Amino acid sequence: MKKILPLLVFAALISGCGTSTASGAGGDGEPKRGGTLVLGENGQEPPCLDPHGNSSSDGPVSTVPVADSLVWFDADGKIQPWLADSWEISPDGLTYTFKLRHGVKFHDGAVWNAEALKANFEHMKDPATKSPLAASYIAPYKDAEVVDEYTLEVHLSSPYKPFLDILAQGYLGMISPKQIKESPQTICEHPIGSGPFIFEKWTKGQSITYRRNPDYNWGPKSAKHTGPAYLDRLEIRFLTEDATRYNALASGEVDAIDFTPPQNVDEVKANPDLGFLSAVRPGHPMAFWLNTSRPPFDDVKVRQALLAAVDRESIIKGISFGQYQVAKGFLTSSTPGYAAGVPIAYDPAKAARLLDEAGWTGKDKDGIRTKDGKRLTAYFPIAANFPAQRMQIAVQTQAAAKKAGIDIQMQTPPEQEITDRLLKGDYDLTSGLWATNTADVLWIQYSSKNITTDKRRGQNVARLRDDKIDELLEKARSDRNPAALYDQA
């Protein structure tokens, strides 16, 4: 039976983020040894396979087979030991003492111990790593002291309640300390971890292949299986086109796909040879982030006008065949610490009034608002391999904006140019979502500390600077019950 990886139901401030997967499995449900599992990914190939140098929402799919984590979440959402055997947290929340697992080895023979864990923390923090996400997650990390070979004492600069949660994420997987020390420049292309699979080959634009680690014997102790993988090999294929990805599954060319095309879901469910899983992915739903650091979106009234001009319900209903949900706020409903957010109403009359108040009172021959002889134009650089449903959302948002008199010009420059422009803040809109296991994603996305600088690449692509938001999100990081603070934010 084939499985379809559940489709991510996205659109943040456009729609709630979900995931769908379809796949095939053995008929009796019993594990079978040998063979190759082929996963068809949606084509958003990560630019770097160093988990600490990666921020792609699909990046961990590529790195988790190689890099084990310090802790993990069980099916009930509880943190469980993995490469850490146990830990103690000081009463003030500033010191975490980790007792580490014995007998773990990296694929290059390096030993897992306190020095290895410290090397990984330092690698995440090191500006040379150019970490786009892990460095933000561990921003409170100050330093660490090796107590003995298998005990590390970690010191934080401020209490950080989600610390263990984020250590369970693939973005903070453990890399060989030998590779970090001797050849850190090779990690992006050829990561060396301690995981159940050994990285073999990355054919960019096509696939990544892995082979089983025959020595693996340190899966989480609470897992059903802790030894070597049943599979001989694992292959991830990057299949950008929805039809290509789905047809590869239907023909048996691949064993599982993610981002199941919503138009094919009913067909999948009706096929006894296919299995389907769907879930709302925790984190930040898909959003269009507006660059608040320059015109036109430095004016809050223009931002609010665009929001009021877009009928999110109609867009999602029209493109998702009932598979997506409209986001209710800046966190998805499955996120720990979920805050319900505020209602966002479709109100074209309000949009027109706000643009008038912002001084965009003129109109040119195309109906685009003008002020002082300038058109109300916003530039949106977008990757050529942007997922199909998200592109449909972008196109329909562009059409709604045009009706309101806002000209959103979508551009498809080369990928490197997009990256460079994001770093420089040379854009008016960008789009994305964040899959994460903590509401602290709001700090990642909206704290002014996470605006990209020469020293660190941050994820506040809205370039928002708001003292009250900063205060609430900073306080929430150390609060035992932060939901009310996130709700206020």
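Guide: Welcome! Helices (H or I, at least four residues) and strands (E, at least two) are DSSP runs here, numbered from the N terminus. The structure above is a predicted model.

Visitor: Where is Val104 found, and is Val104 buried or exposed?
Guide: Val104 lies in the loop between strand 7 and helix 2. Buried means under 20% relative accessible area. Val104 is therefore buried, as its relative accessible area is 0%.

Visitor: Which residues is Val104 in contact with, leaving aside its neighbours within four places in sequence?
Guide: Along the chain, Val104 and Asp215 are 111 residues apart, yet 9.4 Å separates their C-alpha atoms. Setting those sequence neighbours aside, the contacts of Val104 are Leu83, Ala110, Val111, Trp112, Ser194 and Trp218.

Visitor: What does the buried part of helix 2 pack against?
Guide: Helix 2 covers residues 114–125, and its end C-alpha atoms, 17 Å apart, agree with the 16 Å that twelve residues should span. Its buried residues include Leu117, Phe121 and Met124. The buried residues of helix 2 pack against strand 7, helix 3, strand 8, strand 9, helix 4 and helix 5.

Visitor: Are helix 8 and helix 10 roughly parallel or antiparallel to each other?
Guide: Their axes come within 8 Å and cross at roughly 160°. Angles over 145 degrees count as roughly antiparallel. Helix 8 and helix 10 are therefore roughly antiparallel.

Visitor: How do the residues of the contact of helix 8 with helix 10 divide, and how many are charged?
Guide: Helix 8 brings Lys301, Val302, Gln304, Ala305, Ala308 and Ala309, and helix 10 brings Pro348, Lys350, Ala351, Leu354, Leu355 and Glu357. Eight of these are nonpolar, one is polar, and the charged ones number three.

Conventions: Residues numbered from 1 in each chain as written. Predicted model: local features only at pLDDT ≥ 70, side-chain atom pairs only at ≥ 80, totals over all residues. Heavy atoms only, no water. Axes fitted to C-alpha atoms, helices over the stretch in contact; angles between N-to-C directions. Parallel < 35°, antiparallel > 145°, perpendicular 65-115°, else oblique. Contact = heavy atoms within 4.5 Å. Nonpolar A, V, L, I, M, F, W, Y, C, P; charged D, E, K, R; others polar. Expected span 1.5 Å × (residues − 1). Buried < 20%, exposed > 50% of the residue type's maximum accessible area, 1.4 Å probe, protein only.
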